[in-house]
Amino acid sequence: MKKALLFLFLLCGFTLFSQEEVTLKNKIKGKLINNYTGTVLIKTKAAVYGINPDNQQIAWKNEALKKIDFFSYKEIPFTPYILFEKKPLINSSLLSNAFGAKGVSRVLFNVTTGKILFNSEKEDFVAVNNTLLIPKLKAVLVDGIKNDELEIGLYNYETGNKLWETKLTQNNFYKRVKGSLFDKEQILLDTDQNIIWLKNRHLLKIDRKTGTIAFEQNGVQSITLNKDTLFVFSNSIKLKK
């Protein structure tokens, strides 16, 4: 059976459940199955296709995804939303943060419709450092280089709408991460769903509605959150409400 499937893939076609055969014009370069929806993703040099698991037919085709790396596939648990990333030939977060060099780009899209909900390049990010999925907010938190500045932004992953963006270039946070070789990071949400972000021993508390920095502290080693109490660990233990 495995040989038969392999043979079919090399012929640019494949059979699902031994019922329907789908034939594509180009050679298949990758395939994935989404765990939540059962949608089969097929990549060729021309496009990415989504195969409906119910009728075994092509549900959508997206040519904008043809350069996506399937090895970077990441699911948002219990949702039809997935992330892919694209890396340049020379990829260095150090060069991106220090000199604004081209870096990693990320794309978020709906696997059942093929609709792109977030594209870091179209949002003018030259490089994306991190992308954090926040299911409680139905959002994706992005930090990266945009217009030669370090910015963070929150985007709704159902609509693709930008909720807010905040520039950090003039902030002490930027001075801590610019040109840094190590990227130790923790991100938590408090009871009000505000974002608590520790990166390279610099702590930020960000208002989830506006992106305003409500609190910051340097020299923090690690953090722990217990209900509405934030434990900040440095040379001494401090409590923050």
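# Strands, turns and burial in a predicted chain

K138 is partly exposed, with a relative accessible area of 40%; buried means under 20%, exposed over 50%, and partly exposed in between, for a 1.4 Å probe and protein chains only. The place of K138 is in the loop between β11 and β12, the latter covering residues 139–146. K138 is not a glycine, yet it has a positive phi of about 50 degrees. Most residues other than glycine have a negative phi.

The model is a predicted one, in which local features need pLDDT of at least 70 and side-chain atom pairs count only at pLDDT 80 or more, while totals for chains, interfaces and linings use all residues. Residues are numbered from 1 along each chain as its sequence is written, and side-chain values use heavy atoms, with hydrogens and water left out.

**The chain as a whole**

The average pLDDT of the protein chain is 78, and 74% of the residues score at least 70; pLDDT is the predictor's confidence in each residue, from 0 to 100. Over residues 1–13 pLDDT stays under 50, and the model has 18 contacts for them beyond four places in sequence, a contact being heavy atoms within 4.5 Å. Residues 94–100 also have pLDDT under 50 throughout, with 21 contacts beyond four places in sequence. Where pLDDT is low, the predicted coordinates should not be read in detail.

The secondary structure comes to 3 helices and 21 strands. Helices (H or I, at least four residues) and strands (E, at least two) are DSSP runs, numbered from the N terminus. Of the 241 residues in the protein chain, 45% are buried. Among contacts in the chain with a separation of 6 or more, 38% join residues 24 or more positions apart. The chain exposes about 13,300 Å², of which carbon and sulfur atoms supply 52%; accessible areas come from the Shrake-Rupley method with a 1.4 Å probe, and for residues only the protein chains shown count as cover.

**The sheet β3 to β6**

An open sheet of 4 strands runs in the order β3-β4-β5-β6, with antiparallel pairing; two strands pair if DSSP finds at least two bridges between them. β3 (28–33) and β6 (58–62) stand at the edges with a single partner strand each, so one side of each is left without a neighbour in the sheet. Direction ignored, neighbouring strands of this sheet are turned by 20 degrees against each other on average; the axes are lines fitted to C-alpha atoms, for helices over the stretch in contact, and angles run from 0 to 180 degrees between N-to-C directions. β3 and β4 (residues 40–44) are antiparallel and joined by 5 bridges, with I33 opposite V40 in β4.

Strand β17 (residues 202–206) has 4 of its 5 residues buried, so it is largely enclosed by the rest of the structure. On one pairing, β17 meets β16 in the antiparallel sense over 5 bridges, and W197 stands opposite L204 in β17. β17 also pairs with β18 (residues 213–218), again antiparallel and over 5 bridges, where L203 stands opposite Q217 in β18. Further along, 5 bridges join β19 (residues 222–226) to β20 (residues 229–233), which run antiparallel; S222 has F233 in β20 as its bridge partner.

| Hairpin | Residues between the strands | Residue with positive phi |
|---|---|---|
| β16 and β17 | 2 residues | N200, about 50 degrees |
| β17 and β18 | 6 residues | G211, about 80 degrees |
| β19 and β20 | 2 residues | K227, near 60 degrees |

**Individual residues**

D124 is not a glycine and has a positive phi of about 70 degrees. D124 lies in the loop between β10 (116–119) and β11 (125–134) and counts as partly exposed at 47% relative accessibility.

D192 is in the loop between β15 (185–189) and β16 (195–199) and is exposed, with a relative accessible area of 51%. D192 and D207 are 15 residues apart along the chain, and their C-alpha atoms are separated by 9.1 Å.

N156, in strand β13 (residues 149–156), counts as buried at 17% relative accessibility. A polar atom of the N156 side chain lies 2.9 Å from the backbone nitrogen of T159. Leaving aside neighbours within four places in sequence, N156 is in contact with K138, A139, N161 and L163.

Notes. A polar contact is a pair of N or O atoms within 3.5 Å; within protein, one must be able to donate a hydrogen and the other to accept it, and residues adjacent in sequence count only if both atoms are side-chain atoms.
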